[in-house]
Amino acid sequence: MNTQIQFDIVIVGGGLAGGLAALALAKNGFECAVVDAQDPQTMRGAAFDGRTTALAYAAGRLFKRLGLWDAIEPKAEPIRDILVTDGQARDRFRGGAVSPFHLHFDSRELGPDTPLGWIIENLTLREAIFEAIDNNANVSLFAPARRSGARFGAGFAEVDLEGGETLSAPLIIAADGRFSALRAEVGIKVNKWTYPQTGIVVTVAHEKPHHGVAQEFFLPPGPFAILPLTDNRSSLVWSENKTAAPAFLALEDEAFIHQIEARFGPYLGKISLASPRWSYPLAFHLAQSYIAPRMALIGDAAHAVHPIAGQGFNLGVKDIAALADVLTEARGLGLDIGHMSVLENYQRWRRFDSTSLALGMDLLNRLFSNDITPLRIARDAGMSVVGKIPPLRRMFMRQAGADFGKLPSLMQAEA
Ligand SMILES: Cc1cc2nc3c(=O)[nH]c(=O)nc-3n(C[C@H](O)[C@H](O)[C@H](O)COP(=O)(O)OP(=O)(O)OC[C@H]3O[C@@H](n4cnc5c(N)ncnc54)[C@H](O)[C@@H]3O)c2cc1C
């Protein structure tokens, strides 16, 4: 028998973006449904996602305002400094010579107690979000439940679940990831390309402390990031040529560690593997529109970017906070939250910002992932200029902290 259930908003996709959106909208009084094809018990398990997220400091404000921070903070490592080096780590550490081609971003330049962000395991973020959903009377979770159909009409939208339920609402949010089927079904086209790189992700434990320093080495196959985690651990995000990556992934532990050390040198002392190895194909997806009648796209359904600067999910957080402001204001004025005139306010706010950031990340990856001499000279000159001009440095730090442009209320600093 078909059951029809009415909500204010139906969110398709219960990943980090969909789950967080439900909590942000529920806080503003919207009754939300979240639908995900996968079993929440699986999604909450350590075997589901080995990645960490560099959560920007302005994005962290949203987690605090939603009451999620107490559960996350003990497992979040503050980023105190970011060191970016053009070239092999051993240039910097062998014989103590420091490459002139590096950039140092020091969080203390922004204020005494303002980290640039936090490195948090996705497992921790997911657990905090699911736990909050379970305890939120305004959010109903349908999972595992695959969306099978959708209909959009004058004044209504409906999604069908494979289990037989139909969920109705004036607005559907597509948070169903970079391959969003909902986006395709409403005819939104995507600009997309793949990178010749695979993201190898692994957590290591190390002998010496990282002091909250995130390091990024720009190597010819792609960026190699060492991101500080709690308990003397670091998460590595190693962008490797996709034809070479399988051989690295298949190495014995000792040989794999040797490859890691060859890239970042001995500065963390003896290291050991503290997680399985994960790999992610890297690609760029940018939706040509973030809205359709009675539908808004958020998170990777709207934009999936290269992880070179850890900005993908942070863009999604800004989508969520902006959409919460737009919909809350519209409801306050008695407007239909699924009407295009309302959704256009969301698109105007988010599309330009995320397009420029996504293309910026793409350019950065192309500029740095090679060993072409003229490009190397140009990028090293650029790094040197940014490094020498404090206001420029601070601007880059605010960008990395998602603290630029018009900030939605959930991401603004306390008055
Ligand atoms: C190597 C790597 C490192 C990264 N590091 C960072 C970082 O440091 N900082 C950062 O900000 N970002 C980072 N990112 C990006 C970040 O991980 C993603 O932006 C984020 O996870 C996307 O979340 P999402 O909820 O939008 O999409 P997804 O996680 O893809 O979730 C989509 C959900 O929709 C569900 N779904 C799909 N179809 C259906 C259907 N028909 N019915 C029901 N449910 C459906 C799926 O089951 C899934 O749970 C990184 C990415 C990579 C690859």
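Among contacts in the protein chain between residues at least 6 apart in sequence, what percentage join residues at least 24 apart? In this predicted model, the share is 75%.

The secondary structure of the protein chain consists of 13 helices and 22 strands. The radius of gyration is 22 Å, close to the 22 Å given by the globule rule for 415 residues, so the protein chain is as compact as a globular protein of that length. Along the principal axes, the C-alpha atoms fill a box of roughly 70 × 45 × 40 Å. Of the 415 residues, 53% are classed as buried. The accessible surface of the protein chain amounts to about 17,400 Å², and carbon and sulfur atoms contribute 56% of it.

An N or O atom in the side chain of Asp 36 lies 2.7 Å from an oxygen atom of the ligand. For Ala 54, a backbone N or O atom is found 2.8 Å from an oxygen atom of the ligand. A polar backbone atom of Gly 310 is 2.9 Å from a nitrogen atom of the ligand. On its own, the ligand has 1,000 Å² of accessible area, of which the protein covers 88%.

Definitions and conventions:
Residues numbered from 1 in each chain as written. Predicted model: local features only at pLDDT ≥ 70, side-chain atom pairs only at ≥ 80, totals over all residues. Heavy atoms only, no water. Polar contact = N/O pair within 3.5 Å; in protein donor to acceptor, adjacent residues only side chain to side chain. Areas by Shrake-Rupley, 256 points an atom, 1.4 Å probe, with all protein chains shown as cover. Helix = DSSP H or I, 4+ residues; strand = E, 2+ residues; numbered from the N terminus. Rg over C-alpha atoms; globule rule 2.2 N^0.38 Å. Buried < 20%, exposed > 50% of the residue type's maximum accessible area, 1.4 Å probe, protein only. Contact = heavy atoms within 4.5 Å.
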